[in-house]
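Hi,

Here is the structure I promised to pass on.

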Amino acid sequence: MKKYLLIVLSIGVLFSSCTKKVNENSNPLLAKYDTPFEVPPFEKIKTEHFAPAFDSAMVLHKAEMEAIMTNPEEPTFENTIEASFYAGELLGKVASVFGTFNSVNISDSLQMLAQEIYPKLSTHSDEISLDLRFWERVKIVYANKEKFNLNAEQAFLLESVYKGFVRNGANLPEDKKEELMKINQELSTIALTAEQNILSEVNQYKLVIDNEKDLAGLPESSIQAAAEEAINDSLTGKWVFTLNKPSLIPFLNYAENRDLRRDIYNAYVNQGNNNDDKDNKALMAQMINLRVKRAKLLGYDSHAAYKIEGRMAQNPDRAIELLTKLWGGILPKVQQERNDLQSVISKEGGNFKLEPSDWFYYTEKLRKEKYNIDESEVRPYFKLENVREGAFSVANKLYGITFTEINNVPLPNPEATAFEVKEADGTFIGLLFTDFHPRASKRGGAWCGSFRDHSITKEGKEIKPLVTLVCNFTRPSGDTPALLSVDEVETLFHEFGHALDGLFAKTSYPASDIAWDFVELPSQIMEHWAYEPEVLKMYAHHYQTGEVIPEELITKLKESGNFNQGFALTEVLAASLLDLKLHALTEPVENLNVMDFEKEYLNSIGLIPEIYSRYRSTYFRHIMGGYDAGYYAYTWASVLDNDAFEAFKETSLFDQTTAKSFRENVLAMNGIKDAMEMFVAFRGREPKIDALLKNYGIK
Ligand SMILES: [Zn+2]
């Protein structure tokens, strides 16, 4: 399941607003939105409107930035930082609509346009963010920050802008800047090559089965897909399984042939590690070493220190400390899980030791034996509309807010629905748009985005947010309404949590800086309500009979949810710790062999041999670019959401004081205040791991 915030267009903290008017005549993107709530006039916007609108908006943005940079007055927070936040409003608006179309109204012509537009935007963004004249002004403002009487939000954002420049090397002497650019280029080439190597290994591997007996245990859908794959590969009459998850996972879960399971699993865990021309070991070593070099150049001890600064964890030691505590707690549980699986083998008369490639198969056997839960039994209680109303009711009980469907606003797609969101006293908060089902013009996954974020204009007018929640859930079919799976219910609550974060935002400027290891707290915490028995009884009603979900099914859901959690957490923690350790090196290591490093390190902390790290060094895509020294953030966020939810458990599920504090200290402040300060303001202390351990059944 994909869970992420859609960043419609990552144009950084510098971009997003202005007040001048441009060519209002014929291009709806350039005119003032003459619609209720100033929702973008989606129906009037055609593909051909985008290119000219982008051109005008970029020219305008440049002019606005030029005016800031050539301002003869002494740089101040207002005439430099604040002015840059307000610059580019039009560009932000155009980009937001384009981003929306490019995810929910995709067409060939739009995709072609995107290939043209995005590089242009990236150049535009570079030209502005690399302009030394702006940096010079930022430095002066920063040096004189005490003079400006900044409020907490302004001080936080100034820090973030300044740090952004420094982290990109703005303070380095010219020769070092060149060295930095060279390293950056080398790193991006290495990442690309490593990714391509993995892709080609995945595409190359095929498990071809020609004896029907070897399919024993597999579900019909999986066999069917393998037969189709074989036809595509000109192997008609045979069955082909690949390393892609939809093919691999059912095979590992259900195929009775142990040797074949081992074969495909070994191929999976050795991507990029086959000592051939697609081998990634040397590339990864180079990557790790170059990152240390870059960190040193920028004045940091290690790449991890560079990456984690400014996040909630602040430094690698704190992240490692937290993961290590969890690790200590989960090891006994995962050892128990291993013993349980070994017992299944013995009971069946198997005379062998459980191997990594056996884990999935015996887990599924045990799951069936213990819980016997069938999804088709559960789905009738999860009619989409009921689940949606369930999420709305939870928000209503927590925050008093209401959701009313409205029909008078433009919709990004005819399948979307708009809701007006109001406070208990009727004050307008913003709009929520939902769009739930897959279609050819929509990209996959589930996300929460916005057409407009909360801000206050230069003139002091409050701009209310327009938030969008997009999913790809099971469609209604025939007379049957859309009945969601357990995962889909969780996803709906998750994305709804992001939506509440957007609706409650109190940002003053079209700028914010959300700590990357904090971003999933508002969403993951909502998942806890979804399966609370009290909440299930509110919304999980049978779509035909209206019967409330039976107690027995609630218990089954809860118990099966806890099953195999030791394994799940262990493999993620192993990968997170490995990522941090690799990036905590303080000097380049000659002849670094990443696989040896991985083995030695994970052995030293007691990883049991029946489990591998969720991703191993040669195919750990997260650390090839973007999530490097950052994979821990998923677990970090779990600590936060479990601990934060515990505050409700300690009082009551809908405790009004706790809810008010969560809204005011966390949801309203996200991106405009230090994340740890937010958490402490809510919880009265720093996060603790106890609640997470308890929910994993460890404590
Ligand atoms: Zn998310």
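**What I found**

Let me start with a loop: glutamate 38 sits in the one between E1 and H1 (helices, H or I of at least four residues, and strands, E of at least two, are DSSP runs numbered from the N terminus). Before going further, the ground rules: this is a predicted model, where local features need pLDDT of at least 70, side-chain atom pairs count only at pLDDT 80 or more, and totals for chains, interfaces and linings use all residues. Residues are numbered from 1 along each chain as its sequence is written.

Back to that loop. Glutamate 38 has a phi near 50°, which is positive although the residue is not a glycine. Phenylalanine 37 is found in the loop between strand E1 (4-5) and helix H1 (47-69), and its phi, near 60°, is a positive value in a residue other than glycine. On burial, I call a residue buried if 20 or more other C-beta atoms lie within 10 Å of its own, exposed if 12 or fewer, and partly exposed in between, with C-beta atoms placed from the backbone. Phenylalanine 37 has 18 other C-beta atoms within 10 Å, so it is partly exposed; glutamate 38, with 16 such neighbours inside 10 Å, also counts as partly exposed.

**The chain as a whole**

There are 27 helices and 10 strands in the chain. Its radius of gyration is 27 Å, close to the 27 Å that the globule rule gives for 699 residues, so the chain is as compact as a globular protein of that length. (That radius is taken over C-alpha atoms, and the rule is 2.2 Å times the number of residues to the power 0.38.) Along the principal axes, the C-alpha atoms fill a box of roughly 85 × 70 × 55 Å. Buried residues account for 40% of the 699 residues.

**Cores**

By a nonpolar core I mean a set of buried Ala, Val, Leu, Ile, Met, Phe, Trp, Tyr and Cys residues joined through C-beta atoms within 7 Å. The largest one has 139 residues, and Leu432, Leu573 and Trp636 have the most contacts inside it. Helix H21 (residues 565-583) supplies the largest share of this core, 10 residues. A second, separate core of 19 residues includes Phe54, Met58, Val97 and Ile117.

What does leucine 573 touch, leaving aside its neighbours within four places in sequence? Its contacts are Leu323, Leu326, Trp327, Ile330 and Thr635, where contact means that C-beta atoms, placed from the backbone, lie within 7 Å.

**Helix H22**

In helix H22 (residues 594-604), the buried residues are Val594, Glu598 and Leu602. Seen down the axis, they fall within an arc of 55°, so they line one face of the helix (the arc is that of the directions from the helix axis to the C-beta atoms). Their cover includes helix H11 (281-297) and H21. The face turned away from the buried side carries the exposed residues Asp596, Glu600, Asn603 and Ser604. Just after H22, glycine 606 takes a positive phi of about 90°.

**Towards the end of the chain**

Glutamate 650 lies in helix H24 (residues 633-650). It has 10 C-beta neighbours inside 10 Å, so it counts as exposed. Glutamate 650 and alanine 691 are 41 residues apart in sequence, and their C-alpha atoms are 11 Å apart in space.

Cheers

Conventions
Contact = placed C-beta atoms within 7 Å.
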